[in-house]
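Welcome! Have a look at the model, then try each task before reading on.

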Amino acid sequence: QELVLADLKIQAIPKLEKPSSAIRRLYVDECPVLTDIAAIQDFVSLEEVHLRKCDALTDLQVLAKLPKLKVLHIGACEKIVDLGFLAKKSDLSNGL
């Protein structure tokens, strides 16, 4: 199962009332004012995160808390500067 957030003017990914353990893929595309993705830590089965054109996003620390994360794609997110915390995730395939 996947969650797609596209072309939205949201500052934060909303917390789901009942976090879904079924969500395996998250696509966030063209959310230019998004700064807070902390809510995804509740998606314990998340295996893939795809971020594109999230111009205000700077902090991805929450990704380190996703135990099943295997794929990370980041495109045109110009303000993300530090991905060092992901070095501990040796099984991660990334597309930067």
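**Exercise 1.** Among contacts in the protein between residues at least 6 apart in sequence, what percentage join residues at least 24 apart?

*Solution.* Before counting, note that this is a predicted model, where local features need pLDDT of at least 70, side-chain atom pairs count only at pLDDT 80 or more, and totals for chains, interfaces and linings use all residues. Residues are numbered from 1 along each chain as its sequence is written, and side-chain values use heavy atoms, leaving out hydrogens and water. A contact means heavy atoms within 4.5 Å. With that in hand, the share of these contacts that join residues at least 24 apart is 25%.

**Exercise 2.** Find out how the strands β1, β2 and β3 are paired.

*Solution.* Start with the elements: strands (E, at least two residues) and helices (H or I, at least four) are DSSP runs, numbered from the N terminus. The protein has five strands and zero helices. Next, two strands pair if DSSP finds at least two bridges between them. Strand β1 (residues 2-6) runs parallel to β2, joined by five bridges; here Val4 stands opposite Tyr27 of β2. On to β3: β2 pairs with β3 in the parallel sense, again over five bridges. Arg25 has Glu48 in β3 as its bridge partner.

**Exercise 3.** Is Ser45 buried or exposed?

*Solution.* Buried means under 20% relative accessible area, exposed over 50%, and partly exposed in between (1.4 Å probe, protein chains only). Ser45, in the loop between β2 and β3, counts as buried because its relative accessibility is 8%. Val44 also belongs to the loop between β2 and β3, but Val44 is partly exposed because its relative accessible area is 43%. Beyond four places away in sequence, Val44 touches Ser21, Pro67 and Lys68, whereas Ser45 touches Ser21, Ile23, Arg24 and Lys68.
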